[in-house]
Each structure stands twice: as structure tokens, then as C-alpha cells.
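Have the structure open as you read.

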Amino acid sequence: MASAGLRGTRTRGGALAMAAALLVGAGAASGCTAHVTNGGAPVRVSKMNVPTPTSPPSQADRPAARQDSPDTADPKPPAQQRTAAADPVVLAVGAQSAKVRELQARLRALDLFDRNPTGYYGPVTAASVSGFQRRQGMNPSGTVTSREWSALTARTHRPTRNELYPPTTLPLADPDPRCLTGRALCVSKKSRTLAWVVDGKVRSAMDVRFGSAYTPTREGEFSVDFKSRDHVSTIYDTPMPYALFFSGGQAIHYSSDFAARGYRGASHGCVNVRDKKKIRALFAQVRKGDKVVVYK
């Protein structure tokens, strides 16, 4: 009985030892703390006793990345955006610069811009750009992209300073044949310009305006009758500086109203000049008897 009891005790001890081992293993696996008695001494297992795994977690253990996460998005832009970035817009309506002036001069060289460069990109310039784009089989957007600018510069020469900064708002009209000999003040109603022509060469040019339908400026060939530097109209009591009279009371002279209001106003039959510096220089060069040709 004693031996049987002893064996039974050992058996129970062995079972206890096995149970303790299982508890230790379970504690290590879970990271918790287990308390087991082995021969009367407590065994403590904690997280500090658990060895750190040396192998990285498998791919299956890693959390799946969210499909809409910005960190996992394709960094390349769509093909359409990449194309647009490669051909950016360089000039558009509202721009005002020296490059716009060059654009206008190049379009004028192709007979697509019917006025002198101003440096401002407005509706007229946009329409001219669209005309160039249609001619080249491009999208007539009215704006200039980098590629379209290259196409334009390849088909035109670099504008000269006179082409970039012409003396008149509108291009000078073809001169009347009467202006091509001698000394002539060549006045075109069509282009609203005056050209001072000596022996067939234009010496200077300026913007002018004319009389209204009720007081029209006479057309024909005349000559300068007399000059009056500080003239004042005896009919309207208004200043007429640098007056060059050519037909009765009609004269070429500076007009402060033209300088201020532009073509919104009209003269009483005279040829108004709005650039005071230019008419002053012209007044000094013109002589009595020089031709004045007013034509459409």
C-alpha cells in the first residue's frame, strides 16, 4: 500500500509537473504571467521572459493596404494631364506684354492681324490666333500654346522695332500716287493716318481724325497756305496749336480733345492730330506751298 501510494504520489507529481510545463508554455505563447509550483518553488513567466521572434511576419500576416489610400495611389498623372502639361498655354485673352506685341506683329506679317500691335491680348487678337490655328489644322481655341507659338515663329521673321512699335494705331494705307513726288502731307481717311512723305519716302506718320458728317473734311490735292503756331479758332474760340492751313479754314493741327477722347469725337472739318510731339516736329519741317493730299 505504501509503495502503491508512493507510486500514486509520483504519478500525481508527474502529472503536476506536466501540467506546470503546459501552463508555462501557454503563458509564454500568450504573453501573460503564470504561477506554477515545482518542488515548492514558484515559477514566474512574463513578457520579459519571452524571446523576440527573429523571422519577419509572413505576407499573409501583414494588414492589407487600403486601395484608396493616398500613399498607395499611382504617382503618375493621367495621360491627358501629362499631355496638357507638355503643351502649356503661353498667351491668352487678358494678357498684356511685349510678347503679345510680338505675337500681333507676327500675325500681321501673315495678314491675319489688320492693325498695328498694341501689346494687349483682346478679342481681335484671339480671332486672329484662331485664324492661324485653322490655317494650320489646329484647334481654333484663340489661345496660344507652346507648340503653337513655335509653329508661328517658324513661319514668320523676327519683327523689327518699327513693326513692333509702329507710329500709328492702324497700318498706313497705300500712298496716293500724288504723294510720291516732292514734299507731301499724305492724309488717308481709310487708315486715319497722316504720312509726311518727301521724295517718295515716309519721314514720319501719326494718327488723325476728321470732321463729322455735318462738317466733313474736304478731299483732294491742296497746298499749305500758311502756318500758325499758337492759333485760336475765330469761329469756335478753341485752340488750334501748330496749325497748317490748306483749304480755307481747314487745317492740320494738334487737338487736346482728340488726345483725351480719341475717335469718340470729331473735328469741325480740320485734320486733328493727337500726338503733340509729332505735330510740333512736323510743323517745324513743313513749308508754305508743300502739298496736302486728302484721300479715301
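What follows takes the helix, then the strand and its partners.

This is a predicted model, where local features need pLDDT of at least 70, side-chain atom pairs count only at pLDDT 80 or more, and totals for chains, interfaces and linings use all residues. Residues are numbered from 1 along each chain as its sequence is written, and side-chain values use heavy atoms, with hydrogens and water left out.

Let's start with helix α5, residues 146–154. Helices (H or I, at least four residues) and strands (E, at least two) are DSSP runs, numbered from the N terminus. The buried residues of α5 are Glu 148, Trp 149, Ala 151 and Leu 152. They sit on the same side of α5 because they cover an arc of only 160° around the axis (taken from the directions from the helix axis to the C-beta atoms). Buried means under 20% relative accessible area, exposed over 50%, and partly exposed in between, with a 1.4 Å probe and protein chains only. Turned away from that buried side is the face with the exposed residues Arg 147 and Ala 154.

What do the buried residues of α5 pack against? Their neighbours are β3 (89–91), α3 (98–109), α4 (123–135) and β4 (144–145), with contact meaning heavy atoms within 4.5 Å.

Now for strand β13, residues 291–295: five of its five residues are buried. Lys 291, Val 293 and Tyr 295 are on one side, Val 292 and Val 294 on the other, and both faces are covered.
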